[in-house]
Amino acid sequence: MGAQKLDPYINVDPGTMSPFQHGEVFVTEDGAETDLDLGHYERFMDENLNKYSNLTTGRVYWDVLTKEREGAYLGETIQVIPHITGEIKRFIYSGARAAGADVLITEIGGTIGDIESQPFLEAIRQIFLETGRGDCILIHVTLVPYIEGSEELKSKPTQHSVRELQSMGLRPGIIVARCDRHVPDALRQKIAMFCNVKPDCVIENVTLPSLYEAPLMLHSGGLDGVVCRELMLDAPPPRLNEWEAMVERSKTRERHVRIALVGKYVQLRDAYLSVAEALSHAGYALGTEVGIQWVDSGTLNSENAGTVLGGAGGILIPGGFGDRGIEGKIAACKYARENNVPFLGICLGMQVAVIEFARNVCGLSGANSSEFDPSSKDPVIGLMEAQHGVRGKGGTMRLGAYPCSIRQGTALERLYSNGMVYERHRHRYEFNNVYRKMFLEKGLVFSGMSPDGALVEAIELPPARFFVGVQFHPEFKSRPNKPHPLFIGLVESAAAV
């Protein structure tokens with residue numbers, strides 16, 4: 001099984017988009033900066049996606065214009081059809097080949113009727129012609145709203161949306177009705193008749209307490225069976241025991257713990273979507289309800305840190321960029337270290353933990369990152385050697401999965417039970433090795449290193465219950481039924497307080 005997301009916006013990729021507008025940037029194993037929906041795909045499918053899993057309008061035009069400048073079209077007049085649609089089709093077919101999948105799921109973002117979506121829909125129409133019914137099916141997700149005043153579900157938005165699709169030469173084979181309550185059989189029959197689909201091809205998608213219940217609900221509604229029938233796939237019944245057990249565990253958690261997530265984008269919680277999900281995954285495995293206390297680092301300082309963070313069982317500082325809110329994050333690190341509160345720093349979170357340790361333990365009062373203060377006398381965090389001279393912003397960081405060698409006798413070794421792991425990265429700055437000896441002498445442990453020993457990948461502070469910082473992003477590899485070891489470590493330590 002493979003999956004793709006086609007996004008109509010003009011950005012080449014989400015890498016340079018504001019988290020306030022678009023949420024987190026999800027990084028794949030091969031280093032693609034992608035839409036956060038790919039995180040959902042990986043969590044549900046437990047498959048690692050790749051650079052062929054996310055495409056934008058900007059990327060399509062970028063690739064077509066690059067080919068035109070190189071003379072690849074031999075002087076042709078470049079048009080939406082066939083060149084833009086042809087590039088979209090090439091990407092879809094390439095994604096299927098790269099995944100080696102029997103079935104490729106391709107989602108087109110946006111809403112039917114959006115101007116920017118039209119080339120993608122036209123490309124899908126052409127793929128239908130090329131593959132034929134039985135090898136391709138269109139599943140249309142549509143809203144069935146409930147009107148409080150008349151106390152009824154309305155099918156008109158679905159009918160209009162399907163009519164718009166049909167005007168483009170696309171006929172949905174399955175309609176998934178997004179709704180807040182059960183769709184009566186009579187309304188399903190009505191939608192089937194007016195939208196020209198079989199009655200059992202109208203599947204309700206009701207709002208649920210947990211997103212991870214959705215596959216079980218859709219299975220009970222017959223979606224998987226209908227898809228296999230329409231694609232003429234002879235598939236065995238799904239094995240859902242493990243997933244059902246995970247969902248059941250999520251409903252029967254007896255312990256409760258609060259984790260303070262200290263970040264600068266907390267007003268839009270999708271900016272930390274994978275982190276929040278990874279905390280929940282650890283809670284499922286440990287029978288613990290994990291409540292997140294969202295703390296704006298811009299409002300935090302050394303004077304109020306005890307008041308704000310005092311009720312938290314653990315503290316997590318996720319990744320980010322720029323100097324806004326940095327002093328608040330440093331105050332959170334100081335509070336965690338001095339009060340032995342379980343702590344996990346991710347990417348920038350590890351870097352601010354290093355800065356705090358340098359200032360308050362090593363006595364380097366002016367310690368900082370060269371990202372925030374280029375003139376700092378003690379840049380304990382500096383620009384990576386490979387990043388010197390890099391001018392562009394998009395797709396130029398250290399991206400994707402890299403190996404990390406784990407030191408024996410550390411918390412990382414206990415949690416991973418492995419001497420070498422591969423984790424995903426997204427950063428330009430790193431620990432400045434000039435200060436490595438000083439930090440070691442003051443008690444900081446470098447528990448994870450690049451195999452050549454050049455790059456600090458993880459730090460620990462024994463004998464704290466749990467104080468870990470990592471340069472990589474463990475949240476991207478967590479699954480609801482396979483929680484990431486570092487989140488297990490944080491939640492387990494926090495729940496034991």
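Trainee: Leaving aside neighbours within four places in sequence, what is Ala271 in contact with?
Mentor: Pro19, Gly23, Glu24 and Tyr265 are its contacts once those neighbours are left aside. Keep in mind that this is a predicted model.

Trainee: Where is Ala271 found?
Mentor: Ala271 sits in the loop between β11 (255–263) and α11 (273–286).

Trainee: And how far apart are Ala271 and Phe20, in sequence and in space?
Mentor: They are 251 residues apart in sequence, yet 6.9 Å apart in space, C-alpha to C-alpha.

Trainee: Does Ala271 count as buried or exposed?
Mentor: Ala271 counts as buried, because its relative accessibility is 10% and the cut-off for buried is under 20%.

Trainee: How many bridges link β1 and β5?
Mentor: Five bridges, with β1 covering residues 2–7. Leu6, for instance, has Ile108 in β5 as its bridge partner.

Trainee: How do α4 and α5 cross?
Mentor: Their axes come within 9 Å and cross at roughly 70°, so the two helices are roughly perpendicular to each other. The crossing is right-handed. Among the residues that meet there are Ile84, Ile88 and Ile92 in α4 and Phe120, Ile124 and Ile127 in α5.

Trainee: What's going on at the peptide bond from Ile81 to Pro82?
Mentor: That bond is cis, with omega near 20°, and Pro82 lies in helix α4. A cis peptide bond also joins Pro462 and Pro463, where omega is about 5°. Pro463 lies in the loop between β21 (456–460) and β22 (467–470).

Trainee: OK, on to the largest nonpolar core. Which residues touch the most other members?
Mentor: Leu309, Ile315, Val380 and Phe439 do, out of 42 residues. Helix α14 (residues 348–360) gives the largest share, eight residues.

Trainee: What does Val380 contact beyond its neighbours within four places in sequence?
Mentor: Its contacts include Val354, Ile355 and Ala358, as well as Phe431, Tyr435 and Phe439. There is also a second, separate core of 34 residues, which includes Leu415, Val468, Val470 and Ala494.

Trainee: Back to α14, then. How do the axes of α13 and α14 cross?
Mentor: The axes of α13 (residues 326–338) and α14 come within 9 Å and cross at roughly 70°, which means that α13 is roughly perpendicular to α14. This crossing is right-handed. Ile326, Ile330 and Cys333 in α13 are among the residues that meet α14, whose side includes Leu348, Val352 and Phe357.

Trainee: Last one: what is the phi of Cys347?
Mentor: Cys347 has a positive phi of about 55°, although it is not a glycine. Cys347 is in the loop between β14 (343–346) and α14, and is buried with a relative accessible area of 4%. Asp46, also not a glycine, has a positive phi of about 55°, but Asp46 counts as partly exposed at 31% relative accessibility.

Technical notes. Residues numbered from 1 in each chain as written. Predicted model: local features only at pLDDT ≥ 70, side-chain atom pairs only at ≥ 80, totals over all residues. Heavy atoms only, no water. Pairing = 2+ DSSP bridges. Helix = DSSP H or I, 4+ residues; strand = E, 2+ residues; numbered from the N terminus. Core = buried A, V, L, I, M, F, W, Y, C linked by side-chain atoms within 4.5 Å. Buried < 20%, exposed > 50% of the residue type's maximum accessible area, 1.4 Å probe, protein only. Contact = heavy atoms within 4.5 Å. Axes fitted to C-alpha atoms, helices over the stretch in contact; angles between N-to-C directions. Parallel < 35°, antiparallel > 145°, perpendicular 65-115°, else oblique. Left-handed = near helix turned anticlockwise from the far one by under 90°.
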